[in-house]
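I opened a new notebook page for this one. Below is what I looked up, in the order I went.

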Amino acid sequence: TQLIARRVRESGVYSEIYSCDVEIDKIKDYNPSGIILSGGPESIVDKNSPEIPDIVLKLEVPILGICYGMQAMAGKLGGKVSKSSFREFGYQEVNLVQDCPLLKNLETNKY
């Protein structure tokens, strides 16, 4: 989370870090122009794993999910996340299966 925030700031974008259990009013009062949901050691298939508050999806701002954040978004939006036989960390191979403006400059199998 700290590394992500630092990289965002190095790109010239002001950012703040909030815990997953932040009060809903604090999110509303901050009025973000975008949200990054970062990772952690949890998996949404684990019991009592943190969930995305409904307000985050109702803010109508861009949301980027990284690691656990992506799992949490997938689960919250009706996707399926299943447990793997191993944990992943570090670089992973990327296979682009369709065109997407967000990923237009990425090359397959380079990460």
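This is a predicted model: local features need pLDDT of at least 70, side-chain atom pairs count only at pLDDT 80 or more; totals for chains, interfaces and linings use all residues.

**Entry 1: what counts as an element.**

Entry 2: I found a mean pLDDT of 83 for the protein chain, with 89% of its residues at 70 or more. Among the elements, I saw the lowest confidence in α3, at a mean of 87, and the highest in β1, at 93.

**Entry 3: the overall layout.** I counted four helices and two strands in the protein chain. Reading from the N terminus, I wrote the order down as α-α-β-α-β-α. I then checked burial, and 18% of the 111 residues count as buried. The chain exposes about 9,100 Å², and 52% of that comes from carbon and sulfur atoms. For contacts between residues at least 6 apart in sequence, I got 56% joining residues at least 24 apart.

**Entry 4: back to I66.** Which residues does I66 touch, leaving aside its neighbours within four places in sequence? My list reads I4, I36, L37, S38 and G39. I66 counts as partly exposed because its relative accessibility is 31%, which falls between the 20% and 50% cut-offs.

**Entry 5: S15.** Buried or exposed, I wondered about S15? S15 is buried, because its relative accessible area of 14% is under the 20% limit. I found S15 in the loop between α1 (2-10) and α2. Beyond its neighbours within four places in sequence, S15 is in contact with A5, V8, R9 and Y30.

**Entry 6: positive phi angles.** N31 has phi near 55°, positive although the residue is not glycine. N31 is in the loop between α2 (24-30) and β1 (35-37), and it is exposed at 60% relative accessible area. N48 is another non-glycine with a positive phi, about 60°. I placed N48 in the loop between β1 and α3 (54-58), where it counts as exposed at 81% relative accessibility.

**Entry 7: α4.** Which residues of α4 are buried? I wrote down Y68, G69, Q71, A72 and M73. The cover over these buried residues includes β1 and β2.

**Entry 8: the second largest pocket.** I read off about 980 Å³ of space for the second largest pocket. Elements giving two or more residues to its lining are α1, α2, β1, β2 (63-65) and α4 (68-76). The lining has 36 residues, and Y18, I35, I36, L37 and S38 lie nearest the pocket's centre. I36, L37 and S38 were already on my page, as contacts of I66. What is the make-up of the lining by class? I got 24 nonpolar, nine polar and three charged residues.

Technical notes
Residues are numbered from 1 along each chain as its sequence is written. Side-chain values use heavy atoms; hydrogens and water are left out. Buried means under 20% relative accessible area, exposed over 50%, partly exposed in between (1.4 Å probe, protein chains only). Contact means heavy atoms within 4.5 Å. Accessible areas come from the Shrake-Rupley method with a 1.4 Å probe; for residues, only the protein chains shown count as cover. On a 1 Å grid over the protein atoms alone, a cavity is a set of points where a 1.4 Å probe fits but cannot get out, and a pocket is an open set with protein on both sides within 12 Å along at least five of seven lines; lining residues have an atom within 4 Å of a point. Grid points are joined across faces, edges and corners, and a volume is the space filled by probe spheres set on the points. Ala, Val, Leu, Ile, Met, Phe, Trp, Tyr, Cys and Pro count as nonpolar, Asp, Glu, Lys and Arg as charged, and the others, Gly among them, as polar. pLDDT is the predictor's confidence in each residue, from 0 to 100.
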